[in-house]
Amino acid sequence: MLKIIDVSKNFKTGDGIKNFSLEIKPKDIIGLVGDNGSGKSTLLKSVFNEYKKDSGEVLLNDESIYQNQNLAKICFFPDQSVYPKDISISKFAIYDAQLCGMDSKEAQERLEMLLEKFDLIEYKDKTFFELSAGMQKRAFLVICLVTQPDYIFLDEPTANLDVSTRIEFHKILKLLAQEGVGILITSHMINELEEIINHLVIIEKGATRYNKPFVSKKDSIEAIYKKVTNVKVEKDYSNIYTKNK
Ligand SMILES: Nc1ncnc2c1ncn2[C@@H]1O[C@H](COP(=O)(O)OP(=O)(O)OP(=O)(O)O)[C@@H](O)[C@H]1O
């Protein structure tokens, strides 16, 4: 099990994430929902030590994730803006696999298999820069899967994707969860999240407002969201285009 315990990150502005705790088990698909600026990316970056935490710890099977190559068992699928620009997707995948301590031959074999499956074999020597947004996301998923991680954290993986690629992506996440992978996903696509998650976390201004199991086809993210946050979902836009007569 992966445990995020009491993680806080405070920026000088007062923004950040406050005392965040969450347990992720194998086969979980946890949806992390919050408005723009609520702290979703800050949380993920704090977990992966991109941001220095002010407090808290992250444990994998009761051991710090920063010890004993534990981080190799967790894949961070970041926001597109930080994808590497100057290296081919294949080289990056092998480099990542080596950092995770994987045997090069095995990594190469898994990479070839995954590139075939994800229709990317002819793009294997291209950089992320040369791929479309959808291909970039698929390529990052390939890179993640080469090392067969136990947990995957995805920051808005389906943003900018067309409908069919989004459906495909969710199908893959479900399949990975069935295989035992624990998944945490941030997304603004609440209708799509509802189809795949078994647990919902809602944050607002860095504070956790909701952290409970979620039952697809029964619970509604929108209804829960309106109930637990102070966000005014129904604003009055009635006068935004009234011409003077
Ligand atoms: N490096 C930073 N320095 C200072 N403030 C930051 C930094 N990174 C994020 N913030 C602030 O922390 C808050 C949370 O930002 P964050 O990017 O985590 O939000 P988010 O929930 O991921 O938003 P979005 O849905 O728009 O991606 C925001 O107010 C943001 O301005």
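How many bridges join strand S7 to S8, and in which sense do the two strands run? Five bridges join S7 (residues 151-155) to S8, and the strands run parallel. The model is predicted. A UniProt annotation from an unreviewed entry, "domain: ABC transporter", covers residues 2-230. This span is 34% helix and 25% strand. Its end C-alpha atoms lie 30 Å apart.

- Strand S8 takes in residues 182-186.
- S8 is mostly covered, with five of its five residues buried.
- In general, side chains in a regular strand alternate between the two faces of the sheet.
- In S8, Gly182, Leu184 and Thr186 point one way, while Ile183 and Ile185 point the other way.
- Residues on both sides of S8 are buried.

**The nonpolar core**
- The largest nonpolar core has 57 residues.
- Val142, Ile152, Phe153 and Ile183 have the most contacts inside this core.
- Helix H4 (residues 133-146) gives the most to the core, with eight residues.
- Leaving aside neighbours within four places in sequence, Ile183 is in contact with Asp28, Ile29, Ile30, Ile152, Leu154, Leu173, Leu176 and Ala177.
- In soluble globular proteins, nonpolar side chains tend to be buried together.

**The antiparallel sheet**
- Four strands form an open sheet in the order S2-S1-S4-S5, with antiparallel pairing.
- S2 and strand S5 (63-64) stand at the edges, and each has a single partner strand, so one side of each lacks a neighbour in the sheet.
- Six bridges join S1 (residues 2-10) to S2 (residues 16-24).
- Val7 has Phe20 as its bridge partner in S2.
- S1 and S2 form a hairpin with five residues between them.
- In the turn of this hairpin, Gly14 has a positive phi of about 100°.
- On the S4 pairing, five bridges join S1 to S4 (residues 55-60).
- Ile4 has Val58 as its bridge partner in S4, and Ile5 stands opposite Glu57.

**Around the ligand**
- The residues around the ligand include Phe11, Thr13, Asp15 and Gly16.
- Helix H1 (residues 40-47) gives the largest share of the shell, three residues.

**Ser46 in helix H1**
- Ser46 is found in helix H1.
- Is Ser46 buried or exposed? Ser46 counts as buried because it has 23 C-beta neighbours inside 10 Å, and the cut-off for buried is 20 or more.
- Leaving aside neighbours within four places in sequence, Ser46 is in contact with Val7, Lys9, Ile17, Tyr51 and Lys53.
- Ser46 and Gly16 are 30 residues apart in sequence. In space they are 9.9 Å apart, C-alpha to C-alpha.

How values were computed. Residues numbered from 1 in each chain as written. Predicted model: local features only at pLDDT ≥ 70, side-chain atom pairs only at ≥ 80, totals over all residues. UniProt positions renumbered as here; feature names shortened; annotations may be inferred. Pairing = 2+ DSSP bridges. Core = buried A, V, L, I, M, F, W, Y, C linked by C-beta atoms within 7 Å. Buried ≥ 20, exposed ≤ 12 C-beta atoms within 10 Å, placed from the backbone. Contact = placed C-beta atoms within 7 Å. Near = placed C-beta within 6 Å.
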